[in-house]
Every structure is written in structure tokens, then in C-alpha cells.
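Please keep the sequence and the model in view while following the paragraphs below.

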Amino acid sequence: MSSLVEQPRGIELADRPADVAMNMGWTAQAHEWATTVDHKKIGIMYVVMSIVFLVIGGIEAILMRWQLFYPRSKVLDQDTFNQLFTMHGTTMVFFVGMPILIGIGNYFVPLMIGARDMAFPRLNAFGFWVTLFGGVMVYMSYITGGAPAVGWFAYAPLTSNTFSRGAATDFWALGLIVSGIGTIAGGVNFIATILGMRAPGMTLRKVPFFVWTMLWTSFQILLAIPPLTAALTMIIFDRQLGAHFFDVPNGGSAYLWQHLFWFFGHPEVYILILPVFGMVSEIIPVFSRKVLFGYEFMAAATMGIAFISLSVWAHHMFCVGMGRMPDLFFAVATFLVSIPTGIKFFNWLATMYGGRIWFASPMLFSFGFLSMFLIGGLTGIMLGAAPFDFQLSDSYFVVGHFHWVLIGGTLFGTFAGIHYWYPKVTGRMLSERLARWQFWLLYIGFILTFGPMHISGVLGMPRRIYTYDAGHGWEIWNQLSTLGALIQVPSYAILVYNLITSLWKGKPAGDDPWDAWTLEWMTTSPPPSYNFEEVPTVHSRRPLWDLKHPEDPDWQYE
Amino acid sequence: MTQPASDLPVPPPIAPERMLKPAQWGMASFLLSEVAFFCTLIATYVAFMGKDTVGPTPAQALSLPLVIATTICLLSSSVVIHFAERSLHRGEQKRFLFLLAGTAALGIVFLLGTAIEWRTLIVDHHLTIGRNLFGSTYYTLVGFHGLHVTVGIVAMLIVLVLAIGRELTEKFRNGVELVAWYWHFVDAVWIVVFLVVYVASRSSGA
């Protein structure tokens, strides 16, 4: 009964479409969400889906840490453990990382460029549902008698019928093909929207930085996901039709799979980080009260990363024995990526330098991003040096490294974005107190989980083992990791609690709570379904600054 | 602080941008993803060229006359759809319908040729997808290309059904343009497939 829903008091209800929706019956609401083609609703559904999968993937991680707490522990058997790390990796990459970024992009790219929707609204809805069904399909493998146990990068010949007898690997491959189609649909939509639908006056040199990074992320999606689709199709042909792509006894090649997978896999990690660079580049200027330092260099660095990252994939394969020239080439290409990334870092620091820094929650998470992603980047350079990688490939050092990048980079940055834009999406502020608890628990728990992994890796602990013998000196580091994971748990619980309760408990946000400068803050919070009553005209990179300061507009200086 | 409105700086006029329409960007970026897809299949084909442990090899199984005929059909269909577009822009609806139907027909002839070729390969040469690496890579590459030809034919049939007895709007013309882009792309892929499969791997002697 809609009359039982408690209405928020003290603010204008008529202006808030979300509250109008709350007065509909729940079936009407469900119908509304299931059939919507509004980029904002689709964006919210992407983010909610990702958070649900984040919790699932997190539970899988906790189970694995529990098993590794003691040597020769018997909490999980090896098959279950193999399934858990496969599902954990697959879930976090395909059903948390990409959809949460695509979702935030979906919501904010049209708003930031002054458009009324994405270029292809129905394709957009299709992309979301297909991504969701892909995720469901991968998890359906559990009802076939167990999840795939092949690792998230599924090295041949593990995926062959000989080693994966059930249907789980087929479900996994099909699910990723299906969700990959959704991701490509998203990429196509972003490019068409950003290149074809910007507000009058917003030339490509004036787009908000988040929009610019979404453009290049989409470019990478278009070049990286289709090879994965092709390679997964080959797996299915091998398994179901008796083809021989990865079938070594009949001339097939396990090595080819590694090339095809990592040709997708390495651009993928940049797909997961570029939008975050964009978010942080929106947040740091607003909370330092300065314009983004070196916009042109930042823009060029983004392009540079998008192109260079297409030629570094085989640094995941140094231990395969590719030969000296390929090793050299891919090591050098890997080092090259650190140049544009370094440019970005120094520009963020220069943006903050001399600014009036305001450590509200979005800035706090951006600070977490800057400090942690730097360390993850540096261990990445270490692993990019082929001789170093020979020693530590497939050890816990690598696990520590990429979690440092994906949590320290992608997750902290995404949380910064969520705290920055939540007021726009809901019309309510998140609780700053809870945000601070969430941040510090995550910061400490994260360092405690993944820091020791670097040490256990150097001490020789291989990744993906379900247990280990006592006496290698690995116990204490594993126990610290598990302890850190337990500290992280309440942090995620606080996030979910904060996101839900702030919907009605949060302070009303107003249109522009951060005194920001991009177009999304020009419309109401939450925005009406048509976004802008009047399509805005843009003269500079900070159109809202120009409106607020007509006596000193930015376009005089750009 | 606020100055009288007349003293405020006046922004320069906005120059209109001349770029593609959103739908054109959409099709162009979709085709870029298709390039990545076919590059993967072609790279795989090339990587396995001459690595077979059992026959038949491309040189033994593939024969040129039929495929040259179907290739001519497919490539000329690109020319036909180009003229179809031109007559659409001139408003010659009947001629447009005729030429578009002709394009689809040439595509169907191409598919029929592929069907006959595959029948020969399977029945006479016992080449199936599970026979050897050549079979796996050949059927995957040529099969996915054939699938794209099929999708293009379906798209053209939809356009035909929509166009019969109706006034053709600007929006419709834009849609036809995108179908034509897709069709040119499918033809361009075939040129590469033809060169790799029927020229390079056939003559490599393996």
C-alpha cells in the first residue's frame, strides 16, 4: 500500500520525480523500472546490480581468506576453493567493475554534456539487461553441480572437456559472451552520445574530463571485448563441436589462448581505471577550488594510455617463454604506460597545490585513490620488468599488486564518485560520519589485507593454492590478510547502509551541494526525466562557473 | 560585486560543428568492434596455417572457380547498394526498391554458393569443424562472415518491407545509409578472408 510508505518531511515533494514514483503501487513501479529506457534509471540499475555482485564476490573472498587462515585448514576442499577464486575474479571484473563504471557513466555522461538521453535509449536498456543476464548465467553454473574451476583467465587446457567435465565452463563462457555483447552496446552508445550529442558550444576540447575518459574507455571496449567474444566462442566450439583451437594433442595451442585472452585482459584493466581517472579529475578541482591543472596534457595522456595499453598484453606471459625480443618489447611498452599515468598524477597534485582543500567524503576517497593507486602503479612497474616477473609471476605478490590497483584505484575512485554524485541522483546527502567510518575501515583493512600478500609472495607462496604447509613462514602473513579482510567487511556494510538509509534520512541536497562547475549540477536533484528544460549553451570547460560568475567567465582565459 | 548587465563580458558566438550524426557514430563504432572481432578470427586462422597434423589441407580441399563466382556476386552487390542509395536520394523509389532487392539477391546467391561449397567439403573431403585445425579455423571464420552476410540480408529485407508503398522520410534515408555502411564492411571483410583463406593458405603448399 503506497499510503503506508513514510513520506519525507520538510522538502518540496512535487519537484522530486522519485517521490512521485514512490506513490505508485509496487507492481507499477517494477514495471516502470523493467521497461524504462531513461539513461538515469538504467544507470541506477547498473550500479545496484554491481553492488549486489560486489557483496557476492566479497563473500567468496572472505570464504577463501577463512580457508587460508591456518595451514592445512579444512574449511573448504580444493574443488570448492578453485570454484570460489574463479567466480570471485569473474564477478569482480565483469559484474562489478565494468557495470558500476558504465552505470555511473550512463547516468552522468548525458547530464554532463547537456543531452536529454543517451543516443540509443533502447540499446542502452538492452545493454543493461544483457549484462545482468550474463551475470545470472555465469552463476547458473552452480545448479549444474558446481561453478567453473578454471580461474578467471581460464588457461587452456583447463577449459577442455578433459579437465572441465560438467557444463559449468560452458555457462561461464556463454555468460561472458552475453554480458560482453551488453558491454559493447554500452561502448557504442557512449561514443555516439559523446561525439554526436554535446550541447551547443561544447567542443571536444571543452568536455568535462569524466566524459573524455568515458570516450576512451568506450574505444577500448570496442577493441578489447570482441577478441574475448571470439576466443570464448572458440572455447565453446572446442567443447561442444569438437574443434581443436586449444586442443594441444591435435595441433591446437594453449599459448594462443593466452595471447587472445590477454589481448582483451590488459586493455580491460584500463577500461576499469580510465573512468575512475575521470571521476577523480572532476572531484579534485571542485574540492580544491581550482581548475584542473593541465587539461590538455591530461586529455592527451588519456589517449596515450588508451593506445599504449593495446600493446602491452603479453607482460602477463613473461614466464611462458616467448623469447627475448617479445619479452623486451612488452616490458618496454609496459614502462611507457607509466609516462602518461605519471603525467596524470602530477597534474592532480598540481591541481591541489595551493588550493583550498575541503576534505569532504568525495575528496577523502580521492585521497585514498591517489595514495593507494600510486603504490599499485609502482608494484606494476616492478612486475613489468621481465626478470623481476620471472621470479614473482603467479605468486601472491601479483595478487597483492592487482588488488592494490583494482581496490586502491578503481574501488576508491568509484566510491569517491558515488559520494560526489549521490546527492544529484537522490536529492539527499550521504552521511559524512558514516562515510568517514567506511573510508577508514576500508583504508586500514585494505592495506592490512593486501600488504602482507606482497611479502608472502616474495617468500614464495604461489597464488590459487587452496592450502599450504606450516613452516614456510607464510602463516603470519596469511593471518594478517584474513584479519584485514574482516576489517573490510563492516566498511562495505556501512556503505550499503548509508546508501539505503540516506534515501530518506539524508539532508536535502539542493541542486548544487558542492558548488561545482559542470552541467549536471545545473538541473534539479534528482534531475527530471528530460534532464534540462532548456538545452544549455556552453562557452568554457566550466559552464556553471560562467553562469555563477558572469563578471569573470572562464572562456576569457581558455 | 555584481556589475550592471551591460558591462558583463559577452561570450563569442558559437560556431556550429560539422560532424557525423549520432546514429552514424554508432554504426561506425559498432563496425570498429566488428573489425576487432574479425581480426581475432583471421589472426587465429593465420596462426594455425600449415600446422595441421591430419589432412585435408586448404590446397587439397579448396577449389577456386565457385568461390571466385560468389566473390564477384558479393563485391558487385556493394556497387549495386551504392546505386540503390543514390536513387533513394534522387527520390526514385521504384528504382531504389529494385536495386536493394538486387543487392539482397546477390547476397543470397553468395550464401547459396557457400552452402554448395561446404557440402562439397563435408561430403567429398570429409572436412568438418572437428576434423583438423584447418576445419576448425575455416568454418569459424567463414561461418561468422556468412552470419554477418545473413544479418545484412535480413536488414535489407526489413528495409524493403518498410519501404513498399510508403513515403520515404529523411530518417528512413539515414537508416538505409547505415545498412549500406554495414554491407560495405561485410564485403571488405570478405576481401581479406578471400586473400587469406583462398589465396595465401591455399598456395602456402601446406
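**Where the chains meet**

In this predicted model, the contact draws 40 residues from chain A and 31 residues from chain B. On the side of chain A that touches chain B, helix H6 (168-196), helix H7 (209-241) and helix H8 (254-271) of chain A each supply at least two residues, and of the elements there H7(A) gives the most, with ten residues. Sorted by class, that side of chain A has 25 nonpolar residues, 14 polar residues and one charged residue.

Chain B can be described next as a whole. Its secondary structure comes to six helices and zero strands, so that the order of elements from the N terminus on reads α-α-α-α-α-α. The C-alpha trace of chain B spans about 85 × 50 × 25 Å along its principal axes, and its radius of gyration is 23 Å, whereas a compact globule of 206 residues would have one near 17 Å. Of the 206 residues in chain B, 33% are buried, and among the contacts in chain B with a separation of 6 or more, 83% join residues 24 or more positions apart.

Returning to chain A, helix H16 (residues 475-505) has 31 residues and reaches 44 Å from its first C-alpha to its last, which is close to the 45 Å expected at 1.5 Å a residue. The buried residues of H16(A) include Trp477(A), Ser481(A), Gly484(A), Gln488(A), Leu495(A), Asn498(A) and Ser502(A). An α-helix has 3.6 residues a turn, so residues three or four places apart point the same way. The buried residues of H16(A) pack against helix H3 (39-67) and helix H15 (432-458) of chain A.

Terms used:
Residues are numbered from 1 along each chain as its sequence is written. Chains are lettered from A and ligands numbered from 1 in the order in which they are written. This is a predicted model: local features need pLDDT of at least 70, side-chain atom pairs count only at pLDDT 80 or more; totals for chains, interfaces and linings use all residues. Two residues are in contact if their C-beta atoms, placed from the backbone, lie within 7 Å. Helices (H or I, at least four residues) and strands (E, at least two) are DSSP runs, numbered from the N terminus. Ala, Val, Leu, Ile, Met, Phe, Trp, Tyr, Cys and Pro count as nonpolar, Asp, Glu, Lys and Arg as charged, and the others, Gly among them, as polar. The expected span of a helix is 1.5 Å times one less than its number of residues. A residue is buried if 20 or more other C-beta atoms lie within 10 Å of its own, exposed if 12 or fewer, and partly exposed in between; C-beta atoms are placed from the backbone. The radius of gyration is taken over C-alpha atoms; the globule rule is 2.2 Å times the number of residues to the power 0.38.
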